[in-house]
Amino acid sequence: MKRNISKGTLIRLVLAVIVVINMFLKAIGKPIIDADEGSVEAIIELGVSAAVLVLSYWKNNSFSKNAIEADKYLKILNKWDSQGE
């Protein structure tokens, strides 16, 4: 059975996984994104990491079949509501 996970959900998931893997590898001394050149790169890396994690947490990420169906139903309700105004 195919699940219709949105592109945004998939992109946020991939970016969050990359950030977490990079944090883990950095902790053991082998980061994917090496920011040892200066503090500017470290600040940018921290900002990007924080932004990805906040965005991943904030957005509705529907993975289960029921959640995906609920999203479809919500779109129908929102469309119906906006037409009624």
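Predicted model: local features only at pLDDT ≥ 70, side-chain atom pairs only at ≥ 80, totals over all residues.

Trainee: OK, so is Ser49 buried or exposed?
Mentor: Ser49 has a relative accessible area of 10%, so it is buried, given that the cut-off is under 20%.

Trainee: And which helix does Ser49 lie in?
Mentor: Helix H2, which covers residues 39-58.

Trainee: What is Ser49 in contact with, leaving aside its neighbours within four places in sequence?
Mentor: Val19 and Met23. Val19 also turns up among the buried residues of H1.

Trainee: Let's switch to H1 then. How many residues has it got, and how far does it reach?
Mentor: H1 runs over residues 7-27, which is 21 residues. From its first C-alpha to its last it reaches 30 Å, close to the 30 Å expected at 1.5 Å a residue.

Trainee: Which residues of H1 are buried?
Mentor: Thr9, Arg12, Ala16, Val19 and Asn22. Looking down the axis of H1, these buried residues fall within an arc of 160°, so they line one face of the helix.

Trainee: What's on the other side of H1?
Mentor: Lys7, Ile11 and Phe24 are there, and they are exposed.

Trainee: What happens just after H1?
Mentor: Gly29 takes a positive phi there, about 90°.

Trainee: Changing topic: how much space is in the largest pocket?
Mentor: About 270 Å³.

Trainee: Which helix gives the most to the lining of that pocket?
Mentor: Helix H3, residues 65-84, with six residues. The lining includes Ile68, Asp71, Lys72, Leu74, Lys75 and Asn78. Asn4, Ile5, Ser6, Thr9, Asn60 and Ser62 are in the lining too.

Trainee: How do the lining residues divide by type?
Mentor: Three are nonpolar, six polar and three charged.

Trainee: Last bit, the whole chain. What does the secondary structure come to?
Mentor: Three helices and zero strands, and along the sequence the pattern reads α-α-α.

Trainee: What share of the residues counts as buried?
Mentor: 14% of the 85 residues. Ser49 is one of the buried ones.

Trainee: And what about contacts between residues at least 6 apart in sequence?
Mentor: Of those, 65% join residues at least 24 apart.

Notes. Residues numbered from 1 in each chain as written. Heavy atoms only, no water. Helix = DSSP H or I, 4+ residues; strand = E, 2+ residues; numbered from the N terminus. Expected span 1.5 Å × (residues − 1). Buried < 20%, exposed > 50% of the residue type's maximum accessible area, 1.4 Å probe, protein only. Arc of directions from axis to C-beta. 1 Å grid on protein atoms, 1.4 Å probe; cavity = no way out; pocket = protein on both sides within 12 Å on 5 of 7 lines; lining within 4 Å. Points joined across faces, edges and corners; volume = space filled by probe spheres on them. Nonpolar A, V, L, I, M, F, W, Y, C, P; charged D, E, K, R; others polar. Contact = heavy atoms within 4.5 Å.
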